[in-house]
Amino acid sequence: MRIISGLYKSRKIIAPKKLPVRPTTDMAKESLFNILNNTYYFDDISVLDLFAGTGNISYEFASRGSTQITCVDENFGCIKFIEETASKFDMPIDTIKSDVYKFLEQTGLKVNIIFADPPYDFTVEQFSKIPELVFKNDIVLEDGILIVEHSKHTDLSECPHFSYSKSYGGNTFSFFEKENQ
């Protein structure tokens, strides 16, 4: 994987093969950040990366100037890799080793952007629990957004707070917002 833009543009990050991850493709990541770039100033936002895996999305936010980034993953190897990479590049990324659902039920964090990249084989019920907990616990700020990455074969349009989705190859990003935005 590589960082697309910003301070660390073109840097390659190679994750250990033993991590149970499926990093977002560079093409899909570039398309996602093109969308976000039209709405947010990256140095003004806080980010929560759920099911963070390799930290791929968080590195992109950090490279573009975000200074409040939190990664949550339940795999110790993923958390360790993110911590090592963030330290190597002096990126402002905090890590939390936790089950994502438990974290969402207990956190007091409030952020502008939440990115969730759960396993593609999740059921619609498992996927829909993410926006349900995010909005019930008021984790996303007024102007904020939740983005859930999933397979193009999964339809999340019936989930609470769904706004729209964009597909790139086999990847789809579903966007969720507070109502009345």
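**Helix 3 pair.** I started with Glu84 and Lys80, which both sit in helix 3, four residues apart, about one turn of the helix. This is a predicted model, so I am reading side chains with that in mind. An α-helix has 3.6 residues a turn, so residues three or four places apart point the same way. The side chains of Glu84 and Lys80 do meet in a salt bridge, at 3.8 Å from N to O. I looked up accessibility too: Glu84 is partly exposed at 45%, and Lys80 is partly exposed at 40%.

**Other salt bridges.** How many salt bridges does the structure hold? I get six. Next I went to Lys178, which bridges to Asp138 with the closest N and O atoms 2.6 Å apart. Lys178 is in the segment after strand 7 and Asp138 in the loop between helix 5 and strand 5, so this pair ties together parts 40 residues apart in sequence. Lys178 also meets Glu142 in a salt bridge, 3.4 Å from N to O. That pair links distant parts of the chain as well, since Glu142 belongs to strand 5 and lies 36 residues from Lys178.

Buried or exposed, I asked of Lys178? Its relative accessible area is 15%, and the cut-off for buried is under 20%, so I put Lys178 down as buried.

**Helix 2.** After helix 2 comes Gly65, and I noted its positive phi, near 110 degrees.

I then traced the strands: seven of them form an open sheet in the order 3-2-1-4-5-7-6, with mixed pairing. Strand 3 and strand 6 (162–168) are at the edges with a single partner strand each, so one side of each has no neighbour in the sheet. From one strand to the next the twist averages 20 degrees. Strand 1 and strand 2 are parallel over five bridges, and in that pairing I found Leu48 opposite Thr70 in strand 2.

I checked which helices pack on the sheet. Helix 1 touches strand 4, strand 5, strand 6 and strand 7, and its direction makes about 140 degrees with that of strand 6. Helix 2 touches strand 1, strand 2, strand 3 and strand 4, with its direction at about 175 degrees to that of strand 2.

**Strand 5.** I finished with strand 5 (residues 140–151), which has nine of its twelve residues buried, so it is largely enclosed by the rest of the structure. Strand 4 (residues 111–116) runs parallel to strand 5, joined by five bridges. Here I found Phe115 with Ile147 of strand 5 as its bridge partner. With strand 7 (residues 171–176), strand 5 pairs in the antiparallel sense over six bridges, and Leu146 stands opposite Phe176 in strand 7. My last entry is the crossover: strand 4, helix 5 (residues 124–136) and strand 5 make a right-handed β-α-β unit.

Conventions: Residues numbered from 1 in each chain as written. Predicted model: local features only at pLDDT ≥ 70, side-chain atom pairs only at ≥ 80, totals over all residues. Heavy atoms only, no water. Buried < 20%, exposed > 50% of the residue type's maximum accessible area, 1.4 Å probe, protein only. Helix = DSSP H or I, 4+ residues; strand = E, 2+ residues; numbered from the N terminus. Pairing = 2+ DSSP bridges. Right-handed = clockwise from strand over helix to strand, strands pointing away. Axes fitted to C-alpha atoms, helices over the stretch in contact; angles between N-to-C directions. Contact = heavy atoms within 4.5 Å. Salt bridge = Lys/Arg side-chain N within 4 Å of Asp/Glu carboxyl O.
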